[in-house]
Amino acid sequence: MNDFTTELAKLQWVLSQTAVPVAVRLGKGRKLSVKVPYSSDNRVWLQGEKRTKPTWLPNEKRWELPNAWFNDFVDRALRRYRNVYVIQPYREQEICAPACMNAHGHECQCSCMGANHGSGSSGGWFVVSDTFATRWDSQHLACRLMTSKATT
């Protein structure tokens, strides 16, 4: 099983479980998608003191909230359920340098660990200076379990 298949299986498991709330944040212009364990007061609890009402999507068994509610939802879910899964996009950043990409020979002391050594400076790199270049990998979905700290 490769890393992509493992991550996809983890995401599918998180989205199918019903014990821990899940917030799926896909970014600007997209609604926040949440799943919470069933309770007759979910709509009231999700809305809290806000004017906007959450939208229930019965076919998908999830709620849609304004994206701006993300932090508030996570805080309140941690207080109520003590755990919450957060799924959101991320991009890995690679750092290298033109000196490495244009190098000859095999010795590399760059953070790329030799992956770009002697390759030239093509491939989407943004060269900041002679000693620093960066590029962003394609977008992925990250899933993390947040847990509230126990109070004594």
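Student: Which residues is Phe132 in contact with, leaving aside its neighbours within four places in sequence?

Tutor: This is a predicted model, and contacts are read from its heavy atoms. Phe132 is in contact with Ile95, Cys96, Ala97, Pro98, Phe126 and Val127, once neighbours within four places in sequence are set aside.

Student: Where is Phe132 found?

Tutor: In strand β7, which covers residues 132-147. One partner is worth a distance check. Pro98 and Phe132 are 34 residues apart in sequence, yet their C-alpha atoms are 7.0 Å apart in space.

Student: How exposed is Phe132?

Tutor: Buried means under 20% relative accessible area, and exposed means over 50%. Phe132 has 29% relative accessibility, so it counts as partly exposed.

Student: Where is Leu26 found, and is it buried, exposed or partly exposed?

Tutor: Leu26 is found in the loop between β1 (22-24) and β2. Its relative accessibility is 33%, so Leu26 counts as partly exposed.

Student: How do I read a nonpolar core?

Tutor: In soluble globular proteins, nonpolar side chains tend to be buried together. Now the case here. The largest nonpolar core has 17 residues. Those with the most contacts inside it are Leu32, Val34, Trp45, Leu46, Leu65, Phe73 and Val74.

Student: Which elements each supply at least two residues of this core?

Tutor: They are β2 (32-35), α2 (42-47), β4 (62-65), α3 (70-81) and β5 (83-96). Helix α3 gives the most, with 6 residues.

Student: Which residues are included in the second, separate core?

Tutor: That core has 8 residues, including Leu11, Val20, Tyr85 and Ile87.

Student: What is Val34 in contact with?

Tutor: Beyond its neighbours within four places, Val34 is in contact with Val22, Ala23, Leu46, Arg62, Trp63, Leu65 and Phe73.

Student: Is Pro54 buried or exposed?

Tutor: Pro54 has a relative accessible area of 2%, so it is buried. Pro54 is found in the loop between α2 and β3. Look at what surrounds it. Leaving aside neighbours within four places, Pro54 is in contact with Arg43, Leu46, Gln47, Trp63, Glu64, Leu65 and Trp69. Arg43 and Pro54 are 11 residues apart along the chain, and 6.5 Å separates their C-alpha atoms.

Student: Is Asn42 buried or exposed?

Tutor: Its relative accessible area is 5%, so Asn42 is buried. Asn42 lies in helix α2. Its contacts beyond four places in sequence are Val36, Pro37, Trp63, Arg80 and Tyr81.

Student: How many residues are in the protein chain, and what share is buried?

Tutor: Buried residues make up 34% of the 152 residues. The chain exposes about 10,400 Å², and carbon and sulfur atoms supply 52% of that area.

Student: How do I look for a pocket?

Tutor: Rolling a probe the size of a water molecule over the atoms shows where empty space is left. Here, about 280 Å³ of space lies in the largest pocket. Its lining has 14 residues, of which Val36, Pro37, Tyr38, Trp56 and Lys61 lie nearest the centre.

Student: How does that lining divide into nonpolar, polar and charged residues?

Tutor: The lining divides into 6 nonpolar, 5 polar and 3 charged residues.

Student: What is the phi value of Lys61?

Tutor: Phi is near 55 degrees, a positive value in a residue other than glycine. Lys61 sits in the loop between β3 (55-57) and β4. Its relative accessible area is 58%, so Lys61 is exposed.

Student: What is the phi value of Arg82?

Tutor: Near 75 degrees, again positive in a residue other than glycine. Arg82 is found in the loop between α3 and β5. With a relative accessible area of 39%, Arg82 is partly exposed.

Notes
Residues numbered from 1 in each chain as written. Predicted model: local features only at pLDDT ≥ 70, side-chain atom pairs only at ≥ 80, totals over all residues. Heavy atoms only, no water. Core = buried A, V, L, I, M, F, W, Y, C linked by side-chain atoms within 4.5 Å. Buried < 20%, exposed > 50% of the residue type's maximum accessible area, 1.4 Å probe, protein only. Helix = DSSP H or I, 4+ residues; strand = E, 2+ residues; numbered from the N terminus. Contact = heavy atoms within 4.5 Å. 1 Å grid on protein atoms, 1.4 Å probe; cavity = no way out; pocket = protein on both sides within 12 Å on 5 of 7 lines; lining within 4 Å. Points joined across faces, edges and corners; volume = space filled by probe spheres on them. Nonpolar A, V, L, I, M, F, W, Y, C, P; charged D, E, K, R; others polar. Areas by Shrake-Rupley, 256 points an atom, 1.4 Å probe, with all protein chains shown as cover.
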